[in-house]
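Q: Could you show me how to read the packing of helices and strands in a model?

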Amino acid sequence: MLVDAFLELLNLWVLVAALVGIVAGIIIGAIPGLGPTMAIALLIPVTFSMEPIPAIILLLGVYQGAIFGGSISAVLLNVPGTPSSAATAIDGFAMARRGEGGRALRFALYASVFGNIFSCLVLMALAEPLARFALDFGPAEMAMLMLFALLVIVLFGGGSRLDALIMVLVGACAGIVGLDPISGTPRFTFGSFAFENGFQLIPVLIGLFAMSEVLLQAFDREPLVGDAEVPPLKSSVVRFVELWRMRVTLLLSSLIGTFVGILPGIGSTVPAFMSYNLARSRSADAAQFGKGAPEGVAAPEAANNAVTGGALVPTLALGIPGDAVTAVILGAFMLHGLAPGPFLFRDHGLEVYAIFEALLLSSIPTVILGLLFFRVAIHVTRIQPRHLLPAITILAIFGAFSVNNSLFDVWVMLGAGVLGFLFRRAGFPLPPLLIGLILGAPFEQSLRQALLTSGGGYGIFVGSPITIGLVALIGLSLAISLTLSLRKPRT
Amino acid sequence: MTFTRRTSLALLASIAITPVAAFAQEDYPSRPITIVVPYGAGGTTDISARQMATMAEKVLGQPIVVENQPGASGTNAMRAVAAADPDGYTLIATTSSPSFVTPALRDVGYDTLTDFIPILNYSGPFHGVVVPADSPYATLEALIEGAKSGVVTYGTAGAMGGAHLAFASVAKDTGAKLQHVPFDGASKATAAVLGGHVNAALVPAYRDLVQDGQLRLLGVLDGTNDPDFPDAPTLKEAGLAAEFPSIVGIMAPAGTDPAIIAKLEAAFTQVASSDEFKTFMTDLSQPVRIMSGAELGKTIAENLTAYRAIAKDLGN
C-alpha cells in the first residue's frame, strides 16, 4: 500500500501542484494580513478540475507554505501573518533587530519541518485505526462527539468564551436553513428553491475568510504595515548541533501541537503559546526568552506546524474538523469524492496514503524553497495588501460561482463576507462560527437519528462505552474550565 | 400589399431562415452538445455520463460537454434543462430522485412528464434491503414479521428518498412498525447498518459487503432481480406492493424535434449496448440497464403516480 501510494506521487502534475502550492503559500503567508485559511479558501475552486491527489497536495502545500510565510512577516516586521505565529514574533523579531533575522527564519523553517514530519507520522499511525473504529460511532456517539467538539471550541478556543459561544450558535443557526435532515421539509427557504440546499460551505468560507478581509482592509484607514524599516538580513547558517541541542524542546512542542490538534476545535494558536511557555520554563536561560532566544522561535513553530497532522486525524477518520483550516481541507476532500469516515481508507486508501506521503515529503521542497525565498521574502513583505484586494475580490466571486455554477452562491459569499466583516470589526472570532456551521446540522441530525433509533429514550446517549467516555470528557472539560476560571484572580 | 424596404427585408429574412429550420435535424449536430449532470463531479452518475459522452462523441461527430449542476437533490439542474432551448444541444443525464420522487413530494418548478422527452435509460444501481450478517432476520418476510411485534429501524440515504417512500408504503400496507432513520448519503447508512446502529438499511452498492459476508441481502427494491444475486427477491416477489426502480437515463427538453430525439436515441443506445461501455460500468460496480425512451417515459409516469399516492398517505 505504501509503495503503491508512493508510485502515485511519481507524476509530473503532483510535483507541479506541490511546488506551485508551496510557493503560492509562502508568498500569500508572507504578505501581512493574508493568512493560510484565506489562501486555501480562495484556491479550492482552482482545484475543481484537477485529479484528487494533486488537488489536495496543492492545498496542503499552500497551507504549509503559508504557515512558514506567516513566520517571515512575524520575524521581520513583527506582524504575524496568522494568529498562530504571534508567539514566533516575540523572539523572532528580537533576533531580527539584532541582525539575526536570517538565523531566526532558519530556526523557524527547520522547526516547522520537524513539527510537520512528527505530526504526519502520528497521523499515519492513528488515522486508519481510528477510522476502523468509526463503525462503532453510531448516531448517539457522533452526537456526543460533536457536542464535545463544540464545547471544546467554546471553552478552550482562547479569547472570550461568550464571544465563542455566540459565534458557534450563529453558525449552528445558519445551518438550520435548508431541507430538514429528518423529515425533508424545507426550513427558512422563503419558498425559494435556491435555499433548499442550505448555505454551501465553500461560498461561506470564501466570504468569511477572503471577502471579509477585503472589506476589513478597505474600511481600515490605518495601513497594517507602514513603510517600516526592514532589518538587514545578513547571510547566516544554523548548524545541526544547534538544532540537536533543542531536540527535547522540538519533540515536546511537536507532541503538544499534534495532540492539541487532535482535539477538535482548538486551532494552532493555543498550542503555539503553550509550547513557547513550556520551552521558557524548561530553559536554563529563561531570561533570554523575549530577547531573542532561538528556542523561543523554534518551539511555537514546531507546535503550530504539528497541529495540521493532528487535526487531520479526526477530520479524516470521523469527518469532524479540528480547526478552520482542516474544515477547509475537509471541504476539499468531499469535493473530490473522498468522503471521510469508516470507508475512506477502504475505498480511497491509495489516494489518502499518497496524500500522507506527499505531506511528509513536501518538507523537502519547503526547506529548499524556504531557503531560496528569504531574499525575495523581504520584498514580498513590502507588498501592501490593498494592491491585492481587487484580485482577491475577483477570485472570491469566481470561486463562489464555480462551486455549483450558481449565482445564488455568489450572493451567499458576499453576504458571508459582509457578516464576517461586521463580526470581525466588532471583535468576534470567526473560526467558532465556521465550526458551528459545519457541525451544527450534523449534530442535529445525529441527535434526532439517535432518538429515532431509541424510540425517543435519552438513555442511548449513555448506552455504550464510547458515549459514556465522551460524556465523561464533556464533564471533565466543564470542570477544568470552571476551576480555571475560579482560580484566576479577577481583575 | 406594398413592398416597403421593411417587408422585403422581412421576406428576405424568412427565406434565409426557412431552410435552416427545415434541415436542422439533418445537420444535427452541428455544434457541441451539453449534457447536464445534476450531481457533483466524481459521483457514479457523473462518471458514467462522462463515459457515455466520450463514446457518443465518436458516433455523433461533435464534442459532448458534461456540465455539473449539483444542488437541491438534482432538481436545480432539471429545472434549468426544462427551461433550455429544445434544440437538441442541451440534454440531461438524470436519476430516479429528481425524475419522479421529489416531484411527487412538492413543487419543484418542472413537470417531468410534460417538460421532458426521455431518450433512453442506460443504468440504475440496484437498491438492496440489507441487514448485518448476525441479524436474526433471514428473509424479507421475517423482517416484516419482526417489525409487527417490535420496532425495526432502517436507514436510507436521506429523508423522503425513493427507498424511504417505498418502505413507508410497505409499513402502511402491512402494519409493520418500520422506523425510518435518514442518513446523509448511502455510505453513512451502510456504515450504520454495519455498526449495528440500525436494524436494516436500504442502500445501493452492497455487492462487495454481501459477498464478503458482512451484510445479508434480503431483497431488492427494483422491479427486477439483481443479476449478481438472482436469489434475492424483489419486494413484489416477496408479496409486498411497492418498488423503487432505479433509473439513470438521458432526457431532452420537451419540444425537441422528434428526428433529433431519434438520432440521439440511436447513438446513445449504440454506445450503451457496446462491450466497452459494459466493461467500464462493471468496473464502476454499476449495471447496464437499457430501456428505450418510450419505456423510460412509461416507468417515470407509473412511478410518479405511485409516489404521489404514497406521499399523500404520508401526509405531505
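The dialogue below takes up a pair of helices and then a sheet.

A: This is a predicted model, in which local features need pLDDT of at least 70, side-chain atom pairs count only at pLDDT 80 or more, and totals for chains, interfaces and linings use all residues. Residues are numbered from 1 along each chain as its sequence is written, while chains are lettered from A and ligands numbered from 1 in the order in which they are written.

Q: How do α3(B) and α12(B) cross?

A: Two packed helices are described by the angle between their axes and the distance between the axes. Here the axes of α3 (residues 44-60) and α12 (residues 275-283) of chain B come within 11 Å and cross at roughly 160 degrees, the axes being lines fitted to C-alpha atoms over the stretch in contact and the angles running from 0 to 180 degrees between N-to-C directions. α3(B) and α12(B) are therefore roughly antiparallel, a term for angles over 145 degrees.

Q: Which residues of α3(B) and α12(B) meet?

A: Contact requires C-beta atoms, placed from the backbone, to lie within 7 Å. B:Ser48, B:Gln51 and B:Met55 in α3(B) meet B:Glu276, B:Phe277, B:Phe280 and B:Met281 in α12(B).

Q: In what order do the strands of the open sheet in chain B run?

A: Strands pair if DSSP finds at least two bridges between them. In chain B five strands form an open sheet with mixed pairing, in the order β7-β6-β8-β5-β9. β7 (178-182) and β9 (215-220) of chain B stand at the edges, each with a single partner strand, so one side of each lacks a neighbour in the sheet. The twist averages 30 degrees from one strand to the next.

Methods. Helices (H or I, at least four residues) and strands (E, at least two) are DSSP runs, numbered from the N terminus. Angles under 35 degrees count as roughly parallel, over 145 as roughly antiparallel, 65 to 115 as roughly perpendicular and the rest as oblique. Two residues are in contact if their C-beta atoms, placed from the backbone, lie within 7 Å.
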